[in-house]
Amino acid sequence: VSGDGLLHEVLQGLLDRNSWRDASRLPFALLPAGSGNGLTKSFDSEKLEVSVYNLIKGYSQPLDIMSLLTKDKERIYCHLAMFWGLLADADIESDRYRWVGPARFTVGAIVRMVNLRSYRGILRYLPANESNLSPPANEAETERPPHRHPAPESRVCPEGWTEVEGEFVLFCAANARWIATDVCIAPKANHQDGSMDLVWIERSAVTKTDLVKLMLQVETGKHIDNKAVKYVKARAFSLLPIDVGVLDVDGEPISALPFSAEVLPSFCQMITPPHFELE
């Protein structure tokens, strides 16, 4: 019974154990009691009574997990999304507005757009295709869930990857469509397709007025139709921040050191509505 932040902490504890394979096969249910409730919204279960019904029925589906490896060799597991830039700043800094409920994210975003920041960095990603699909992580014989792509330590882009260097207003890597009940950041996301959805906006592509209009469209997912918004599906990516800032992983802040992230396909089992399917 929690929001996405507490589930994030539970997953860190379970997947850092020697028995991580057993933990990954154990179906879990999330009863929404947080500010954002993005994962339950992505499964049409943001109402508490619906999530309780799902738990009683006991139907589960595979859920991809994103694995993050920092330059300091720290492993972090992400079930919802990770952000850098505007959305990360708005989420973390809006914690002081929790008394207004879910509207705290809107308040935080407005404050940040008025005092807009941008962050220089290098984004590299491996586009999603059938040839680079990772094997199911829980079949690998390792002490910890495998991570094939090391954190970036050079300015050399790996073969087959795409590189974007620029000044970013926001960056998001999403595993689900909704990051809050009113923010559909990645409308093409699928929780079990073995890929993650990367969304970013560069400072040179938008004015503050443009950004306000885009933020008004995230509730419906229409923002991705704007040419300023870049949207790709990837198996893995790496980020080398030049301006560090804060990285927001499932609502939990960490310092944005150079890191890589990749998909662990069908890694966990989540209780969902019976026969739930994405349109």
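Modeller: A patch is made of residues with over 30% relative accessible area and no salt bridge, like charges being joined within 9 Å and nonpolar side chains (Val, Leu, Ile, Met, Phe, Trp, Tyr) within 5 Å. Accessible areas come from the Shrake-Rupley method with a 1.4 Å probe, and for residues only the protein chains shown count as cover; a salt bridge is a side-chain nitrogen of Lys or Arg within 4 Å of a carboxyl oxygen of Asp or Glu. This is a predicted model, in which local features need pLDDT of at least 70 and side-chain atom pairs count only at pLDDT 80 or more, while totals for chains, interfaces and linings use all residues. Residues are numbered from 1 along each chain as its sequence is written, and side-chain values use heavy atoms, with hydrogens and water left out.

Biologist: Which residues make the nonpolar surface patch?

Modeller: Leu6, Val10 and Leu14 make this patch, of about 240 Å². Leu6 belongs to helix α1 (residues 4-15); helices (H or I, at least four residues) and strands (E, at least two) are DSSP runs, numbered from the N terminus.

Biologist: How is the accessibility of Leu6 to be read?

Modeller: Buried means under 20% relative accessible area, exposed over 50%, and partly exposed in between (1.4 Å probe, protein chains only). Leu6 counts as partly exposed because its relative accessibility is 48%.

Biologist: Is Lys188 buried or exposed?

Modeller: Lys188 is exposed, because its relative accessibility is 52%. The residue is found in the loop between β5 (162-174) and β6 (196-202). Leaving aside residues up to four places away in sequence, Lys188 touches Arg177, Asp197, Ile224, Tyr231 and Lys233, where contact means heavy atoms within 4.5 Å. From Leu6, Lys188 is 182 residues away in sequence and 26 Å away in space, C-alpha to C-alpha.

Biologist: Is Asn54 buried or exposed?

Modeller: Asn54 is buried, because its relative accessible area is 3%. Helix α4 (residues 48-57) contains Asn54. Beyond residues up to four places away in sequence, the contacts of Asn54 are Ser45, Tyr59, Ile271, Thr272, Pro273 and Pro274.

Biologist: Which strands pair with β8?

Modeller: Two strands pair if DSSP finds at least two bridges between them. Strand β3 (residues 81-85) pairs with β8 (residues 246-249) in the antiparallel sense over three bridges, and four bridges join β8 to β9 (residues 252-255), also antiparallel. Leu247 of β8 stands opposite Trp84 and opposite Ile254 in β9.

Biologist: What lies in the turn of the hairpin formed by β8 and β9?

Modeller: Two residues separate β8 from β9, and Asp250 in the turn has a positive phi of about 55 degrees.
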